Amino acid sequence: MIRYIARRLAQAAVIVAIVATITFALIHIAPGDPFSAVLDNPNVSETVRQTLRAQYGLDRPIPEQFVRYVGALAHGELGWSFSHDRPVLEVLGSALPNTLLLMVVALVGGFALGIFVALVQVARRGSIADRILGGITLLFFSMPDFWLAILALLALTYWLPIFPVGGAVDPVMHEYMSLGGRLLDRLKHLALPALTLTLLASATVARYQRAALLDVLPADYIRTARLKGLTERQILRRHALRNALLPIITLLGLSFPALLTGAFFIERIFAWPGMGYAVVNAISTRDYPLVVGGSDTSTFLGGIAGDRMERGSNMVTTVPAPS
Amino acid sequence: MAAMRYSRLLCAAALIGCTGAESRGGNTGGTLAMSTGGDPDVLVPSLLQTTTAAQVVDLVYDRLADIGDSLNVVGDHGFTPRLADRWTWAKDSLSIAFHLNPNAKWHDGQPVRSNDVRFTIASTKDSTLGSPSASVITSIDSVSTPDSATAVYWFHARSPQQFYDAVYQLPIMPEHVWKGIAPAGWRGSEAAKHPIGSGQYRFVRWIPRAAVELTADTANYRGTPKLSRVIWSIAPDFNSALTRFLTGETDLFPQLRPENLREVAKHPELKTQSYRGLAYVFAQFNLRNPADHDRPHPIFGNRELRRALTMATDRAALVRSVFDTLALPALGPTLRVYNTTDPNLQQIPFDLPRARAILDSLGWRVTTSDSMRTRNGRPLRFTMSVPNTSQVRVQLAVLLQEQFRRAGVKMDVEQLDFPVLAEKDRKRTFDATIGQWNTQPSPGAVLGSWGLAGSRAASGNNFGTYENPVFDANVDSALASFDLAARKRYFTTAYQTIIQDAPAIWIAEPRQIVGYHSRLQLGTLRPDAWWIHIPDWSIPRDKRIARDSVPAAPAPAGSTGQKAP
């Protein structure tokens, strides 16, 4: 096991090194100035810009910057964020828990809801309910995430003010709430972004899961189960679902890294202070260290998590089908 | 930690009915929650660049004197005491002695001393700091401190704006907090994230991408501000920030757009107030060839052609379409709020037939089937670059495109990320761009953005490389003049020169709109800093809600000062 973990970590390190190199090159090649914000002020001179560039080491040749970056990375340092004026590790460290929380809730909710919808659809395959649910899942599957987020924001915070507009907590009152109040406040703020991501994820899962279930239904062991007199519900839950879960577990593994930075629009619209917002915003401000550091982190975490889930799914395949 | 627990106990008490600040009497108390679009960049007066940072810093720190609502920049007329309770001019006007208010204290309890004033100016001038403010205090030679309560500013030369330069550009910073930190490390220092000032509000916390909170300094030498807390609620998405305001999560949203007014009007509890800002919008031509800066631009190098394009532009219609009634057509590279600006500056009129005739006379004739002009086989076509983050500038570009089309000019609109556009500006590799300058109470910044020096410096701010010595000479003369009439005359000549040279189409002078909850009692919104009077804003007791019950956080031990009489 230790050898396996060591091998996987080594592989992850190689992938991170490759991603870091490519990201570093791309973001430095991209046109733009990290200190462009100062250009709106006619009093800011070029000397000031040059001083800023020197302070952040941007006056050095790009190969030298890269060597310095790799050296720092080898020591576990991801550099200094220009836009946040703090270590990249600190910026990502404060954003990661928020993203993980949102991601776990959305993944659990999305997969549970998606599997449930697929089961209902397959149990009533060909019926009007199947077609309506299929239509709904197709709608959410095709819907751009930012559009659904804006719609949810308008519908559930403005037209029907049930949830707070955004943020991870109420910035005005959270500090002054009791422990229970704070927990409730956190949950209320989590609800809307999590609901949006859940709906989006569940649509994908439902469509995959329905197809996978339909694939296994003609199998011999399902026919055997029917001959044994099991109800359709028992067959679906005990026999069909277990075998049809494998592609969904793979999908889960793929969703994890994608959601780490892929929920940018959701995070931005709901002002959720997570990784996606931090890293993508860093691209637009040309915050080179944060872009590269964020990519490295999501590659590492996503790769490890995805790998663990894939391994989990492989282990499932070795378990004999229930008799 | 103990202070935090104490504060929470106080709050708990406050939330069940005992309203801390109110119980001490007076009309103080209440929380102002504002929607804002982004974090402050850095909370150091000499380094900040963003508006949010300026808002926080202006409430946490104090200047020696306040410019006042008249925004006069000549002499000291209209300036009111702040950290300095009085000042004395030297007979030759080469120095001004500021006498510090003996009651002024930093929020950590230390008294404000003249050393702090000297340190502020010296550190800002230190080239290793890279302060954007350094270029605006070049008239100051040094600061001496004959005693702990007197700071003497020494100037290189007598000038009309020397007092303004001395007091407006920089709030005073505490030497004891910053002197141990190398200037290059200021931005990333803890001191930059937990500022200690002497203003009427003390810093409480900054949670990146969430909120910044200030609390009233109840022991401040200028008295306790009326509102107990000021909170910036950060929402990067415009719609989210707006929705927070519309739903009552925040009390104030200072970035309302004209198209939001109808929605705001549906809420009887919300109000709006517009004010004149210090910004103007323009479409700038690059007068140099983007591929070879030693040669003139093949289209915009010609003054008559630029004038023709200006004539082809119906600026009034542009402004009406994009800003409705919330902007006026710009007069030039200036603002109506300046007392040196003549509101009757002669403009190049909108005259489409005349514009067509000029283009014809220059050899640009309609020859193609799509009614576009060409000369020697070259189409009259160029690209207008705009930042994709500015809806206003994109709209203006699209409308300009249509107006130019009527004159037979083909304009492509190029929407760019702001950093990319900024790089094109700096390297001067653009054809034309729609820009906006956010200026200061002094009209002098016009030299950096339209003068010779800004053009000839490797990457100066005169991106279009407009050069006319007559313009520079008149601005120089105006800035050197103590007489308002003469100053206005020189500026008028300078503006008239640049308007007729048409290095840009002067589009709009927008008004800014602040949306606020009717329970807030606002004061004057000053053009350079609408937030500057927040300490005087209030919320009547009968209109307070739950969040208003949180009292001001107690001051740290030892920081209690005396109130001003």
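In this predicted model, strand 4 of chain B and strand 5 (residues 95-100) of chain B run antiparallel and are joined by five bridges. Within this pairing, W87(B) has F98(B) in strand 5 of chain B as its bridge partner. The two strands belong to an open sheet of four strands in chain B, arranged in the order 4-5-7-6 with antiparallel pairing. Helix 4 (residues 114-125) of chain B lies across strand 5, strand 6 and strand 7 (150-155) of chain B, and its direction makes an angle of about 165° with strand 6 of chain B.

The next subject is the contact between the two chains. Chain B contributes 55 residues to this contact and chain A contributes 46 residues. On the side of chain B that touches chain A, the elements giving two or more residues include helix 1 (2-15), strand 1 (31-36), strand 10 (229-234) and helix 8 (238-246) of chain B. Helix 14 (418-427), strand 22 (432-438) and helix 15 (446-450) of chain B are also among them. Helix 14 of chain B gives the most to this side, with seven residues. By class, the side of chain B that touches chain A has 25 nonpolar, 19 polar and eleven charged residues.

A particular helix pair spans the two chains. Two packed helices are described by the angle between their axes and the distance between the axes. For helix 6 (residues 145-159) of chain A and helix 8 of chain B, the angle is about 5° and the axes are 11 Å apart. Because angles under 35 degrees count as roughly parallel, helix 6 of chain A and helix 8 of chain B are described as roughly parallel to each other. From helix 6 of chain A, the residues I150(A), L153(A), T157(A) and Y158(A) meet N239(B), S240(B), T243(B) and L246(B) in helix 8 of chain B. This contact has four nonpolar, four polar and no charged residues.

Within chain A, helix 4 (residues 88-123) packs with helix 12 (residues 275-284) at an angle of about 135°, the axes being 7 Å apart. Helix 4 of chain A is therefore oblique to helix 12 of chain A. The contact involves V91(A), L92(A), A95(A), L96(A) and T99(A) of helix 4 of chain A, together with M275(A), G276(A) and A278(A) of helix 12 of chain A.

Helix 3 (residues 62-74) of chain A has 13 residues and reaches 18 Å from its first C-alpha to its last, close to the 18 Å expected at 1.5 Å a residue. Helix 3 of chain A is followed by G76(A), whose phi is positive, near 80°.

Most residues other than glycine have a negative phi. A271(A) is not a glycine, yet its phi is positive, at about 50°. A271(A) lies in the loop between helix 11 (264-269) and helix 12 of chain A. A271(A) is buried, because 25 other C-beta atoms lie within 10 Å. In chain B, R428(B) likewise has a positive phi, of about 60°, although it is not a glycine. R428(B) is placed in the loop between helix 14 and strand 22 of chain B. With 20 C-beta neighbours inside 10 Å, R428(B) also counts as buried, since the criterion is 20 or more.

How values were computed: Residues numbered from 1 in each chain as written. Chains lettered and ligands numbered in written order. Predicted model: local features only at pLDDT ≥ 70, side-chain atom pairs only at ≥ 80, totals over all residues. Pairing = 2+ DSSP bridges. Contact = placed C-beta atoms within 7 Å. Axes fitted to C-alpha atoms, helices over the stretch in contact; angles between N-to-C directions. Nonpolar A, V, L, I, M, F, W, Y, C, P; charged D, E, K, R; others polar. Expected span 1.5 Å × (residues − 1). Parallel < 35°, antiparallel > 145°, perpendicular 65-115°, else oblique. Buried ≥ 20, exposed ≤ 12 C-beta atoms within 10 Å, placed from the backbone.
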